[in-house]
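Visitor: I would like to learn how to read the places where chains meet in a model like this one. Could you take me through them step by step?

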Number of protein chains: 2
Amino acid sequence: MSVTMKDIAKEAGVSKATVSRVINKDAYVSENTRKKVMDLVQKYDYKPHTVARGLARDLSHTLGLMIPGPPRDITDPFFLEFLHGVGNKAAEYSYSLSLPTVSEKDKRELYEEGINFNQLDGVIIVNPKVNDFRIEYFQEEDLPFVFLGRPLKNRDDVCWVDGDNVGGAYEAVEYLIEQGHEKIACITGTDEFVASRLRFKGYKQAIEENNLEFDENLIVSGEFTRESGYQKMKELIAQGNSFSAVFAVSDSMAIGAIRALKEEGIAVPEECAVMGFDGIDLGAYTEPRLTTVRQPAYELGEEAVESLINLINGNKNFNWHKVLDLELLIRDSV
Amino acid sequence: MSVTMKDIAKEAGVSKATVSRVINKDAYVSENTRKKVMDLVQKYDYKPHTVARGLARDLSHTLGLMIPGPPRDITDPFFLEFLHGVGNKAAEYSYSLSLPTVSEKDKRELYEEGINFNQLDGVIIVNPKVNDFRIEYFQEEDLPFVFLGRPLKNRDDVCWVDGDNVGGAYEAVEYLIEQGHEKIACITGTDEFVASRLRFKGYKQAIEENNLEFDENLIVSGEFTRESGYQKMKELIAQGNSFSAVFAVSDSMAIGAIRALKEEGIAVPEECAVMGFDGIDLGAYTEPRLTTVRQPAYELGEEAVESLINLINGNKNFNWHKVLDLELLIRDSV
DNA sequence: CTGAAAGCGCTTACAG
DNA sequence: CTGAAAGCGCTTACAG
């Protein structure tokens, strides 16, 4: 049983209320009693009991991180790095985490059943969809949340952190163009995810602004997994249209694509260059090593927590929309 | 504000105490009032407030997971998979997680400063060392804990889950022997970690029981990282002793070793076979793909949580020592 | 089998 | 600037 507020109060000869005030940096405490209390706090290394405080303030001091279900699930290295950032930052502010794996199914019921939201101070959700029911859901519940990934339409009432998808994709494709490629295929993601659209937008923009021909036939759409990258690459090859490079909107798909290319006896990058997106560790170990655009997953995790805590504390003066720069990671597949 | 125990009590015409009893499956509640209460619980989808219960019972309902610091840190894919298992299982029992990254330094102070242990119901710690101060530390604190990895000496008073290190290593090396290798080098880990010793023990046992010569000169010791695997492989090559295979006690080191071998123009597996240990995803993407022993990281995470919750609940009748089988994963590097 | 009451460790109007 | 008191939502002896 560690030392409690009552103990401190008694020894300082003040009331618990007063101790509480100095702990919480309330104004209106005389310098004298503040010092007296603080000395005791030091002496006993007193730390307020988070759970009790939570009860009194109706806060749980725990954050929910809704992990996406398949196809892009937590084993995705990108999320793991993200999670790492979240975990560390939360610990820094001594928040706990709740990590329920929640299916992506577009059913509110699943949400409502699954998680005891009323015992969470806020949640981090990922992978915004084009029409994302979770936004209104959490707004109705009046539960603070931040999105990893921006929603399609810019809204002042939702807080998010994201990598610069359009810019990153643009940069990636422009690099391909600089290397002399003119026919550039694209393995994009499902249309329902905002990230797919944004990255595809960057691709298209780069093509058009560099006066290349945009060719519908060179576009296929996968599901962010290695398997789907492999499949879609096979389809692309089977179709017989010529291209000398392919841009996949996720590393996992790019890695699947490389495998398909090799299987078909097409040399990477000599006969077909491959550009990924994400910057997962795995890309440094493929043959050839994957050239890609790196998302700062760890930092995104930290920022998400910072924002969420601001939201929870009712702090209005911070940046509700943070976009972090991406960085071209030149390796050997282009 | 969701429905509370008081609300249920009022509507059922009983006291809060009674409601509490039926919620907690206390004996001695008449079938009649139990039913009355349960109906209301259903009707309002009442869920007890974990925080309040925690306060009353002096439990926080959160688990600590002490992530190891460098060299083997959380970005290690093995831990990430482990964490995934932990997170899911904890959520299933609606426990929260606290994930402070704590340095591995052998200083109690770091521990004491870092974490507010008195607000954790129990902790999971990883990577037991040969003489691990954490055991007595948590025992003195009287905080339930489970180890991922068995301690060196079998102790009835500590609870752990682990993969079968000796058996797994034995199997790996025996497979190498079956493939005709007789001079098998070993990149082991630092001596202070129990896992290093155990895996090395399996290696040695396989060598000796198959009547091969155990050669000290073929043993080097790394730090579980890719970088150190790379370094140690270079040293092994520089020493000039001949060998046709190498067993690394972690995949990360094995992957580093492959890189070194390639750099020196030694073909894998033709001129030197490489066997890893762990079964991380990355191994499926190296050239050649890594043959290894797979540890069930996810399951280990689940088991760790199950054990810890048993411990917390004062349940004595469960298996304090769980060892999960490992599985040879035959790919192309042997 | 059930209820009244005290308590878990804190916070927060209210009053002074 | 400070204290007494009620309250957060539950649990648990104690008494009946």
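Guide: Let us begin with contact, which means heavy atoms within 4.5 Å: here 38 residues of chain A are in contact with 38 residues of chain B. This is a predicted model, in which local features need pLDDT of at least 70 and side-chain atom pairs count only at pLDDT 80 or more, while totals for chains, interfaces and linings use all residues. Residues are numbered from 1 along each chain as its sequence is written, chains are lettered from A and ligands numbered from 1 in the order in which they are written, and side-chain values use heavy atoms, with hydrogens and water left out.

Visitor: What area is buried between chain A and chain B?

Guide: Buried area is the accessible area (1.4 Å probe) that two parts lose on being put together, summed over both. Between chain A and chain B about 3300 Å² is buried, and carbon and sulfur atoms give 56% of that area. On the side of chain A, the residues that lose the most area to chain B are Val51(A), Gln119(A) and Tyr285(A), which together make up 18% of what that side buries.

Visitor: How many salt bridges are counted between chain A and chain B?

Guide: A salt bridge pairs a side-chain nitrogen of Lys or Arg with a carboxyl oxygen of Asp or Glu within 4 Å, and the count between these two chains is four. In one salt bridge, the side chains of Glu287(A) and Lys262(B) meet at 3.4 Å, N to O. As for secondary structure, where helices (H or I, at least four residues) and strands (E, at least two) are DSSP runs numbered from the N terminus, α5(A) gives the most to the side of chain A that touches chain B, with six residues.

Visitor: Which residues come nearest to DNA strand D?

Guide: A residue is near a strand if one of its heavy atoms lies within 4 Å of it. There are 28 residues around DNA strand D, and those that come nearest are Arg21(A), Thr33(A), Met5(B), Ser20(B) and Tyr46(B). Of the DNA atoms that come within 4 Å of the protein, sugar and phosphate account for 66%. The side chain of Tyr46(B) has an N or O atom 2.5 Å from a phosphate oxygen of DNA strand D, and for Thr18(A) the corresponding side-chain distance to a phosphate oxygen is 2.6 Å.

Visitor: Which element supplies the largest share of the surface near DNA strand D?

Guide: That share, five residues, comes from α4(B).

Methods. Polar contact = N/O pair within 3.5 Å; in protein donor to acceptor, adjacent residues only side chain to side chain.
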